[in-house]
Amino acid sequence: MNDLLLIRYGELALKGKNRSDFENRLTENIREKLKPFPGVKVKKTFGRVLVELNGQRMEPVAQALTEVFGVVGVAPCKRVESDIDRIREAALELVREQNPRPRTFKVIAKRARKDFPLRSQEINHLVGSHILKRTEGLQVDVHDPELALRVEVRKEGTYLYGSDLPGPGGLPVGSSGRVMLMLSGGIDSPVAGYLTLKRGAALEAVHFHSYPFTSERARQKVEDLGRILTRYAGKIRLHVVPFTEIQTGIREHCPSSYMITIMRRFMVRISEELAQRNKALALVTGESLGQVASQTLESMKAINDVTRMPILRPLVGMDKQEIMEISRKIGTYETSILPYEDCCTVFQPKSPVTRPGVERSRELEARLDVDRLVSAAVEGTEWVELKPDKEETEFSFFD
Ligand code: ATP
Ligand code: MG
(Lines give C-alpha, C1' and ligand atoms only; values in the text may rest on other atoms or scores of the structure.)
(Ligands and ions follow the chains in the order given, each with its own letter.)
Protein backbone atom coordinates (compact mmCIF):
# COMPACT_ATOMS: atom_id res chain seq x y z
CA MET A 1 0.00 0.00 0.00
CA ASN A 2 1.19 3.46 -0.85
CA ASP A 3 0.50 6.56 1.26
CA LEU A 4 -0.10 9.57 -0.90
CA LEU A 5 -1.53 13.03 -0.93
CA LEU A 6 -3.82 13.82 -3.80
CA ILE A 7 -3.86 17.43 -4.90
CA ARG A 8 -6.88 18.99 -6.46
CA TYR A 9 -6.49 22.18 -8.45
CA GLY A 10 -8.86 24.52 -10.20
CA GLU A 11 -8.65 23.01 -13.64
CA LEU A 12 -12.11 23.96 -14.86
CA ALA A 13 -11.20 27.01 -16.91
CA LEU A 14 -8.06 25.49 -18.37
CA LYS A 15 -7.73 24.06 -21.82
CA GLY A 16 -4.98 22.76 -24.08
CA LYS A 17 -1.56 24.28 -23.69
CA ASN A 18 -2.66 26.54 -20.83
CA ARG A 19 -3.58 23.49 -18.92
CA SER A 20 -0.27 21.73 -19.36
CA ASP A 21 1.66 24.94 -18.56
CA PHE A 22 -0.41 25.32 -15.43
CA GLU A 23 0.16 21.70 -14.40
CA ASN A 24 3.89 21.82 -15.10
CA ARG A 25 4.32 25.03 -13.17
CA LEU A 26 2.25 23.76 -10.27
CA THR A 27 4.17 20.47 -10.14
CA GLU A 28 7.47 22.33 -10.22
CA ASN A 29 6.39 24.70 -7.43
CA ILE A 30 5.21 21.78 -5.33
CA ARG A 31 8.56 20.00 -5.83
CA GLU A 32 10.39 23.13 -4.75
CA LYS A 33 8.18 23.53 -1.69
CA LEU A 34 8.65 19.93 -0.63
CA LYS A 35 12.44 19.91 -0.95
CA PRO A 36 12.88 19.95 2.85
CA PHE A 37 11.17 16.50 2.96
CA PRO A 38 13.64 13.89 1.69
CA GLY A 39 12.14 10.93 -0.14
CA VAL A 40 8.90 12.66 -1.05
CA LYS A 41 8.04 12.32 -4.74
CA VAL A 42 5.73 14.52 -6.79
CA LYS A 43 4.02 13.07 -9.86
CA LYS A 44 1.43 14.08 -12.39
CA THR A 45 -1.16 11.47 -13.30
CA PHE A 46 -4.66 11.51 -14.75
CA GLY A 47 -5.13 15.23 -14.29
CA ARG A 48 -4.02 15.23 -10.68
CA VAL A 49 -0.84 15.81 -8.84
CA LEU A 50 0.12 13.03 -6.47
CA VAL A 51 2.63 13.30 -3.69
CA GLU A 52 4.19 10.02 -2.54
CA LEU A 53 5.15 10.32 1.09
CA ASN A 54 7.69 7.47 1.20
CA GLY A 55 7.79 7.43 4.96
CA GLN A 56 7.46 11.19 5.66
CA ARG A 57 4.75 12.23 8.09
CA MET A 58 1.63 13.38 6.32
CA GLU A 59 0.74 16.45 8.36
CA PRO A 60 3.76 18.69 7.80
CA VAL A 61 3.77 17.84 4.10
CA ALA A 62 0.05 18.60 3.78
CA GLN A 63 0.65 21.79 5.73
CA ALA A 64 3.39 22.91 3.35
CA LEU A 65 1.09 22.24 0.40
CA THR A 66 -1.49 24.64 1.75
CA GLU A 67 1.03 27.41 1.03
CA VAL A 68 1.32 26.58 -2.66
CA PHE A 69 -0.93 28.69 -4.86
CA GLY A 70 -2.94 26.73 -7.39
CA VAL A 71 -3.68 23.99 -4.85
CA VAL A 72 -7.41 23.90 -4.19
CA GLY A 73 -7.48 20.86 -1.91
CA VAL A 74 -5.17 18.25 -0.42
CA ALA A 75 -6.59 14.82 0.38
CA PRO A 76 -4.89 11.93 2.15
CA CYS A 77 -4.96 9.09 -0.36
CA LYS A 78 -3.97 5.45 -0.68
CA ARG A 79 -3.06 3.42 -3.71
CA VAL A 80 -3.48 -0.33 -3.73
CA GLU A 81 -3.54 -3.12 -6.24
CA SER A 82 -6.92 -3.26 -8.02
CA ASP A 83 -8.18 -6.22 -6.07
CA ILE A 84 -11.39 -5.98 -4.08
CA ASP A 85 -9.91 -7.38 -0.85
CA ARG A 86 -7.00 -4.92 -0.95
CA ILE A 87 -9.44 -2.11 -1.72
CA ARG A 88 -11.68 -2.99 1.22
CA GLU A 89 -8.73 -3.12 3.60
CA ALA A 90 -7.39 0.22 2.45
CA ALA A 91 -10.84 1.81 2.67
CA LEU A 92 -11.23 0.71 6.26
CA GLU A 93 -7.81 2.03 7.14
CA LEU A 94 -8.55 5.37 5.51
CA VAL A 95 -11.76 5.70 7.53
CA ARG A 96 -9.88 4.92 10.73
CA GLU A 97 -7.27 7.55 9.96
CA GLN A 98 -9.81 10.34 9.55
CA ASN A 99 -9.48 13.03 12.15
CA PRO A 100 -12.05 13.91 13.44
CA ARG A 101 -13.81 10.57 13.11
CA PRO A 102 -16.79 10.91 10.75
CA ARG A 103 -20.25 9.83 11.96
CA THR A 104 -21.69 9.31 8.50
CA PHE A 105 -20.16 8.24 5.22
CA LYS A 106 -20.78 7.08 1.73
CA VAL A 107 -18.61 5.31 -0.84
CA ILE A 108 -18.37 6.77 -4.34
CA ALA A 109 -16.67 4.33 -6.64
CA LYS A 110 -15.61 5.02 -10.19
CA ARG A 111 -14.43 2.37 -12.57
CA ALA A 112 -12.04 3.99 -15.02
CA ARG A 113 -10.75 0.56 -15.98
CA LYS A 114 -13.55 -1.31 -17.65
CA ASP A 115 -11.99 -4.77 -17.37
CA PHE A 116 -12.35 -4.65 -13.61
CA PRO A 117 -14.89 -7.40 -12.82
CA LEU A 118 -17.11 -5.36 -10.46
CA ARG A 119 -19.33 -2.46 -11.42
CA SER A 120 -19.27 0.82 -9.48
CA GLN A 121 -22.47 0.02 -7.61
CA GLU A 122 -21.09 -3.34 -6.55
CA ILE A 123 -17.85 -1.74 -5.35
CA ASN A 124 -19.83 0.82 -3.34
CA HIS A 125 -21.75 -1.95 -1.71
CA LEU A 126 -18.83 -4.27 -0.97
CA VAL A 127 -16.60 -1.54 0.41
CA GLY A 128 -19.41 0.17 2.34
CA SER A 129 -20.55 -3.00 4.08
CA HIS A 130 -16.97 -3.95 4.98
CA ILE A 131 -16.49 -0.59 6.69
CA LEU A 132 -19.88 -0.60 8.41
CA LYS A 133 -19.35 -4.00 10.01
CA ARG A 134 -16.01 -2.99 11.46
CA THR A 135 -16.57 0.56 12.64
CA GLU A 136 -18.50 1.62 15.73
CA GLY A 137 -20.86 4.57 15.51
CA LEU A 138 -20.67 5.03 11.76
CA GLN A 139 -23.70 5.17 9.48
CA VAL A 140 -24.34 5.52 5.80
CA ASP A 141 -25.76 8.80 4.60
CA VAL A 142 -26.05 9.00 0.83
CA HIS A 143 -27.26 12.60 0.75
CA ASP A 144 -24.97 14.57 3.01
CA PRO A 145 -22.21 12.35 4.41
CA GLU A 146 -19.42 13.75 6.58
CA LEU A 147 -17.02 11.54 4.69
CA ALA A 148 -17.35 10.91 0.98
CA LEU A 149 -14.93 8.08 0.39
CA ARG A 150 -13.87 7.98 -3.22
CA VAL A 151 -12.59 4.84 -4.84
CA GLU A 152 -11.11 5.16 -8.33
CA VAL A 153 -10.19 1.95 -10.04
CA ARG A 154 -7.48 2.59 -12.61
CA LYS A 155 -4.95 0.61 -14.60
CA GLU A 156 -1.99 1.34 -12.38
CA GLY A 157 -3.96 0.66 -9.24
CA THR A 158 -6.92 1.82 -7.20
CA TYR A 159 -6.87 5.19 -5.49
CA LEU A 160 -8.88 5.81 -2.34
CA TYR A 161 -9.29 9.21 -0.78
CA GLY A 162 -11.59 11.12 1.51
CA SER A 163 -12.34 14.73 2.28
CA ASP A 164 -9.65 17.25 1.54
CA LEU A 165 -8.05 20.04 3.47
CA PRO A 166 -8.58 23.37 1.76
CA GLY A 167 -5.61 24.76 -0.16
CA PRO A 168 -5.04 28.46 -0.82
CA GLY A 169 -6.49 28.38 -4.37
CA GLY A 170 -5.24 30.90 -6.89
CA LEU A 171 -2.78 30.25 -9.72
CA PRO A 172 0.72 28.75 -9.56
CA VAL A 173 3.34 31.41 -8.88
CA GLY A 174 5.18 32.24 -12.09
CA SER A 175 2.25 31.52 -14.40
CA SER A 176 1.35 35.21 -14.78
CA GLY A 177 4.76 36.80 -15.29
CA ARG A 178 6.76 38.86 -12.84
CA VAL A 179 5.99 41.99 -10.82
CA MET A 180 7.98 44.40 -8.66
CA LEU A 181 6.45 44.81 -5.21
CA MET A 182 7.13 48.07 -3.39
CA LEU A 183 7.68 46.66 0.06
CA SER A 184 7.66 48.91 3.11
CA GLY A 185 7.78 47.73 6.69
CA GLY A 186 4.05 48.22 7.14
CA ILE A 187 1.05 45.91 7.27
CA ASP A 188 -0.27 46.57 3.79
CA SER A 189 2.42 45.95 1.24
CA PRO A 190 3.20 42.35 2.32
CA VAL A 191 -0.51 41.59 1.96
CA ALA A 192 -0.53 43.21 -1.48
CA GLY A 193 2.41 40.98 -2.38
CA TYR A 194 0.61 37.89 -1.12
CA LEU A 195 -2.51 38.67 -3.16
CA THR A 196 -0.47 39.23 -6.30
CA LEU A 197 1.33 35.94 -5.75
CA LYS A 198 -2.06 34.34 -5.41
CA ARG A 199 -2.89 35.34 -8.96
CA GLY A 200 0.24 33.65 -10.23
CA ALA A 201 2.74 36.52 -10.43
CA ALA A 202 6.34 35.88 -9.43
CA LEU A 203 7.70 38.57 -7.09
CA GLU A 204 10.70 40.77 -6.85
CA ALA A 205 10.60 43.45 -4.19
CA VAL A 206 12.04 46.92 -3.78
CA HIS A 207 12.55 48.77 -0.52
CA PHE A 208 13.65 52.38 -0.02
CA HIS A 209 15.65 53.13 3.06
CA SER A 210 17.06 56.36 4.40
CA TYR A 211 20.02 55.39 6.49
CA PRO A 212 20.91 56.91 9.00
CA PHE A 213 17.41 58.42 9.42
CA THR A 214 16.09 54.89 9.37
CA SER A 215 17.94 52.16 11.24
CA GLU A 216 19.60 48.94 10.12
CA ARG A 217 16.92 47.20 12.15
CA ALA A 218 14.17 48.76 10.02
CA ARG A 219 15.83 47.33 6.94
CA GLN A 220 16.17 43.95 8.64
CA LYS A 221 12.44 44.03 9.35
CA VAL A 222 11.69 44.40 5.65
CA GLU A 223 13.96 41.47 4.87
CA ASP A 224 12.08 39.46 7.47
CA LEU A 225 8.76 40.36 5.86
CA GLY A 226 10.08 39.39 2.45
CA ARG A 227 11.33 36.12 3.87
CA ILE A 228 7.88 35.30 5.23
CA LEU A 229 6.48 35.88 1.74
CA THR A 230 8.93 33.32 0.32
CA ARG A 231 6.73 30.63 1.89
CA TYR A 232 4.27 31.39 -0.86
CA ALA A 233 6.67 32.79 -3.45
CA GLY A 234 9.79 30.65 -3.36
CA LYS A 235 12.89 32.84 -3.71
CA ILE A 236 12.43 36.62 -3.73
CA ARG A 237 15.07 39.10 -4.80
CA LEU A 238 14.85 42.21 -2.62
CA HIS A 239 16.34 45.42 -4.01
CA VAL A 240 17.34 47.93 -1.36
CA VAL A 241 17.52 51.49 -2.62
CA PRO A 242 19.45 54.28 -0.86
CA PHE A 243 16.88 57.06 -0.57
CA THR A 244 18.48 59.53 1.82
CA GLU A 245 19.82 61.94 -0.78
CA ILE A 246 16.47 62.16 -2.53
CA GLN A 247 14.52 62.67 0.67
CA THR A 248 16.80 65.36 2.00
CA GLY A 249 16.74 67.03 -1.43
CA ILE A 250 12.96 67.11 -1.48
CA ARG A 251 12.86 68.41 2.08
CA GLU A 252 15.19 71.23 1.21
CA HIS A 253 13.58 72.33 -2.02
CA CYS A 254 9.87 71.49 -1.89
CA PRO A 255 7.04 72.48 0.45
CA SER A 256 6.41 69.85 3.09
CA SER A 257 2.80 69.37 1.98
CA TYR A 258 4.13 67.84 -1.27
CA MET A 259 6.82 65.78 0.43
CA ILE A 260 4.92 62.45 0.22
CA THR A 261 3.71 62.96 -3.33
CA ILE A 262 7.13 63.81 -4.69
CA MET A 263 8.78 61.08 -2.69
CA ARG A 264 6.36 58.54 -4.17
CA ARG A 265 7.02 59.84 -7.66
CA PHE A 266 10.71 59.19 -7.13
CA MET A 267 10.03 55.76 -5.70
CA VAL A 268 7.95 54.86 -8.72
CA ARG A 269 10.55 56.07 -11.21
CA ILE A 270 13.25 54.04 -9.51
CA SER A 271 11.01 50.99 -9.12
CA GLU A 272 10.13 51.17 -12.79
CA GLU A 273 13.78 51.22 -13.78
CA LEU A 274 14.52 48.24 -11.51
CA ALA A 275 11.45 46.45 -12.86
CA GLN A 276 12.64 46.90 -16.41
CA ARG A 277 16.12 45.68 -15.62
CA ASN A 278 14.68 42.59 -13.99
CA LYS A 279 11.94 41.88 -16.53
CA ALA A 280 9.03 42.69 -14.25
CA LEU A 281 5.92 43.90 -16.07
CA ALA A 282 4.12 45.85 -13.37
CA LEU A 283 4.59 47.53 -10.02
CA VAL A 284 2.56 46.55 -6.95
CA THR A 285 1.83 48.72 -3.93
CA GLY A 286 -0.08 48.30 -0.68
CA GLU A 287 -2.15 51.41 -1.24
CA SER A 288 -5.83 51.34 -0.49
CA LEU A 289 -8.31 54.07 -1.27
CA GLY A 290 -8.99 56.71 1.34
CA GLN A 291 -7.09 54.90 4.07
CA VAL A 292 -4.78 57.81 4.81
CA ALA A 293 -4.70 61.37 3.57
CA SER A 294 -2.08 60.55 0.93
CA GLN A 295 -4.14 57.72 -0.62
CA THR A 296 -6.68 59.55 -2.71
CA LEU A 297 -7.46 59.25 -6.40
CA GLU A 298 -5.77 62.60 -6.99
CA SER A 299 -2.70 61.30 -5.26
CA MET A 300 -2.69 58.11 -7.33
CA LYS A 301 -3.01 60.21 -10.45
CA ALA A 302 -0.05 62.35 -9.43
CA ILE A 303 2.01 59.23 -8.71
CA ASN A 304 1.05 57.42 -11.92
CA ASP A 305 2.09 60.49 -13.89
CA VAL A 306 5.75 59.44 -13.85
CA THR A 307 5.37 55.95 -15.30
CA ARG A 308 3.67 54.07 -18.08
CA MET A 309 4.04 50.80 -16.28
CA PRO A 310 0.85 49.38 -14.75
CA ILE A 311 0.66 49.89 -10.99
CA LEU A 312 -1.35 47.15 -9.32
CA ARG A 313 -3.05 48.02 -6.07
CA PRO A 314 -4.65 44.79 -4.93
CA LEU A 315 -5.87 46.31 -1.63
CA VAL A 316 -7.80 49.12 -3.21
CA GLY A 317 -11.21 47.76 -2.23
CA MET A 318 -10.34 46.54 1.23
CA ASP A 319 -10.91 47.87 4.70
CA LYS A 320 -8.03 47.98 7.14
CA GLN A 321 -9.72 45.23 9.14
CA GLU A 322 -9.77 42.86 6.19
CA ILE A 323 -6.15 43.63 5.38
CA MET A 324 -5.13 42.92 8.97
CA GLU A 325 -6.96 39.63 8.91
CA ILE A 326 -5.03 38.46 5.88
CA SER A 327 -1.78 39.68 7.33
CA ARG A 328 -2.39 37.57 10.44
CA LYS A 329 -3.31 34.56 8.37
CA ILE A 330 -0.19 34.75 6.21
CA GLY A 331 2.10 35.37 9.16
CA THR A 332 3.36 38.90 8.45
CA TYR A 333 1.32 40.82 11.02
CA GLU A 334 3.55 40.31 14.05
CA THR A 335 6.58 41.52 12.13
CA SER A 336 4.76 44.42 10.48
CA ILE A 337 3.72 45.92 13.81
CA LEU A 338 7.25 46.05 15.21
CA PRO A 339 7.90 49.71 15.89
CA TYR A 340 10.84 50.44 13.59
CA GLU A 341 10.44 53.67 11.71
CA ASP A 342 10.11 53.73 7.97
CA CYS A 343 11.46 56.38 5.62
CA CYS A 344 7.98 57.82 5.13
CA THR A 345 7.31 58.20 8.85
CA VAL A 346 10.65 59.90 9.44
CA PHE A 347 9.88 62.53 6.81
CA GLN A 348 6.14 62.66 7.48
CA PRO A 349 4.86 66.22 6.99
CA LYS A 350 2.31 67.65 9.45
CA SER A 351 -0.31 68.18 6.78
CA PRO A 352 0.21 66.35 3.49
CA VAL A 353 -1.80 67.65 0.56
CA THR A 354 -4.78 65.35 0.00
CA ARG A 355 -5.43 66.45 -3.57
CA PRO A 356 -2.01 66.93 -5.10
CA GLY A 357 -1.99 68.32 -8.63
CA VAL A 358 -0.03 66.71 -11.44
CA GLU A 359 1.20 70.05 -12.80
CA ARG A 360 2.14 71.32 -9.38
CA SER A 361 4.12 68.15 -8.64
CA ARG A 362 6.04 68.55 -11.90
CA GLU A 363 6.83 72.19 -11.17
CA LEU A 364 8.09 71.51 -7.69
CA GLU A 365 10.18 68.58 -8.78
CA ALA A 366 11.88 70.67 -11.45
CA ARG A 367 13.81 72.27 -8.62
CA LEU A 368 15.74 69.01 -8.32
CA ASP A 369 17.95 67.18 -10.75
CA VAL A 370 15.52 64.31 -11.12
CA ASP A 371 17.42 62.24 -13.69
CA ARG A 372 20.69 62.36 -11.81
CA LEU A 373 19.06 61.51 -8.47
CA VAL A 374 17.17 58.59 -9.99
CA SER A 375 20.19 57.11 -11.70
CA ALA A 376 22.38 57.56 -8.61
CA ALA A 377 19.77 55.72 -6.53
CA VAL A 378 19.46 52.94 -9.11
CA GLU A 379 23.23 52.55 -9.31
CA GLY A 380 23.52 52.48 -5.53
CA THR A 381 20.90 49.76 -5.17
CA GLU A 382 21.93 46.54 -3.48
CA TRP A 383 20.02 43.31 -3.56
CA VAL A 384 19.64 40.22 -1.44
CA GLU A 385 18.11 36.92 -2.37
CA LEU A 386 15.57 35.87 0.23
CA LYS A 387 14.96 32.15 0.60
CA PRO A 388 12.40 30.13 2.51
CA ASP A 389 13.59 29.44 6.01
CA LYS A 390 12.92 25.85 7.00
CA GLU A 391 11.89 26.61 10.56
CA GLU A 392 9.38 29.16 9.41
CA THR A 393 7.41 26.59 7.40
CA GLU A 394 6.14 25.35 10.77
CA PHE A 395 3.67 28.24 10.75
CA SER A 396 0.16 26.90 10.57
CA PHE A 397 -2.38 27.96 7.99
CA PHE A 398 -5.20 26.31 9.90
CA ASP A 399 -4.86 28.20 13.20
P1 ATP B 1 2.25 49.86 4.22
O2 ATP B 1 1.43 49.32 5.36
O3 ATP B 1 2.47 48.90 3.11
O4 ATP B 1 3.50 50.54 4.68
P5 ATP B 1 0.83 52.29 4.30
O6 ATP B 1 -0.61 52.09 4.60
O7 ATP B 1 1.75 52.68 5.38
O8 ATP B 1 1.35 50.98 3.58
P9 ATP B 1 1.88 54.40 2.68
O10 ATP B 1 2.91 54.73 3.68
O11 ATP B 1 1.02 55.49 2.10
O12 ATP B 1 0.85 53.34 3.12
O13 ATP B 1 2.59 53.66 1.49
C14 ATP B 1 1.85 53.24 0.38
C15 ATP B 1 2.64 52.20 -0.39
O16 ATP B 1 3.86 52.77 -0.90
C17 ATP B 1 3.09 51.04 0.48
O18 ATP B 1 2.08 50.10 0.64
C19 ATP B 1 4.24 50.52 -0.32
O20 ATP B 1 3.80 49.73 -1.42
C21 ATP B 1 4.87 51.79 -0.86
N22 ATP B 1 5.96 52.23 0.05
C23 ATP B 1 5.89 53.11 1.06
N24 ATP B 1 7.07 53.24 1.68
C25 ATP B 1 7.93 52.41 1.05
C26 ATP B 1 9.32 52.09 1.21
N27 ATP B 1 10.05 52.63 2.15
N28 ATP B 1 9.86 51.20 0.35
C29 ATP B 1 9.11 50.62 -0.62
N30 ATP B 1 7.82 50.89 -0.81
C31 ATP B 1 7.22 51.77 0.00
MG1 MG C 1 3.77 52.38 5.57
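Gln295 touches Glu287, Ser288, Leu289 and Gly290 once residues up to four places away in sequence are set aside, a contact being heavy atoms within 4.5 Å. In this predicted model, Gln295 sits in the loop between strand S13 (282–284) and helix H9 (297–304). Helices (H or I, at least four residues) and strands (E, at least two) are DSSP runs, numbered from the N terminus. Gln295 counts as buried because its relative accessibility is 9%; buried means under 20% relative accessible area, exposed over 50%, and partly exposed in between, with a 1.4 Å probe and protein chains only. A polar atom of the Gln295 side chain lies 3.0 Å from the backbone nitrogen of Ser288.

The model is predicted, so local features need pLDDT of at least 70 and side-chain atom pairs count only at pLDDT 80 or more, whereas totals for chains, interfaces and linings use all residues. Residues are numbered from 1 along each chain as its sequence is written, chains are lettered from A and ligands numbered from 1 in the order in which they are written, and side-chain values use heavy atoms, with hydrogens and water left out.

## Annotated binding site

An unreviewed UniProt entry carries the annotation "binding site" for Met182, Leu183, His207, Phe208, Arg264, Gly286 and Gln295. From this set, Arg264 and Gln295 belong to the lining of the largest cavity. UniProt positions follow the numbering used here, feature names are shortened, and annotations may be inferred rather than shown by experiment. A cavity is a set of points, on a 1 Å grid over the protein atoms alone, where a 1.4 Å probe fits but cannot get out; lining residues have an atom within 4 Å of a point. Arg264 is part of helix H8 (residues 259–277).

| Residue | Protein atom | Distance to an oxygen atom of ligand 1 |
|---|---|---|
| Ser184 | polar side-chain atom | 2.4 Å |
| Asp188 | polar side-chain atom | 2.6 Å |
| Ile187 | backbone N or O atom | 3.0 Å |

Taken alone, ligand 1 exposes 580 Å², and the protein buries 90% of that. Accessible areas come from the Shrake-Rupley method with a 1.4 Å probe; for residues, only the protein chains shown count as cover.

## Overall fold

The protein has 14 helices and 15 strands, and its C-alpha trace spans about 85 × 40 × 35 Å along the principal axes. Of the 399 residues, 52% are buried. Among contacts with a separation of 6 or more, 80% are between residues 24 or more positions apart. The accessible surface of the protein comes to about 19,100 Å², with 49% belonging to carbon and sulfur atoms.

In helix H1 (residues 16–33), Thr27 counts as buried because its relative accessibility is 4%. Beyond its neighbours within four places in sequence, Thr27 is in contact with Val42, Lys44 and Val49.

## Backbone geometry

Most residues other than glycine have a negative phi, and most peptide bonds are trans. A cis peptide bond joins Asn99 and Pro100, with omega about 0°; Pro100 lies in the loop between helix H3 (84–97) and strand S5 (104–111). Another cis peptide bond joins Tyr211 and Pro212, with omega about 5°, and Pro212 is in the loop between S11 and helix H6 (216–233).

Asn54 has a positive phi near 45° and is found in the loop between strand S3 (48–52) and helix H2 (58–65). With a relative accessible area of 40%, Asn54 is partly exposed. Lys279, in the loop between H8 and S13, has a positive phi of about 60° although it is not a glycine. Lys279 counts as exposed, at 67% relative accessibility.

Definitions and conventions. 1 Å grid on protein atoms, 1.4 Å probe; cavity = no way out; pocket = protein on both sides within 12 Å on 5 of 7 lines; lining within 4 Å. Polar contact = N/O pair within 3.5 Å; in protein donor to acceptor, adjacent residues only side chain to side chain.
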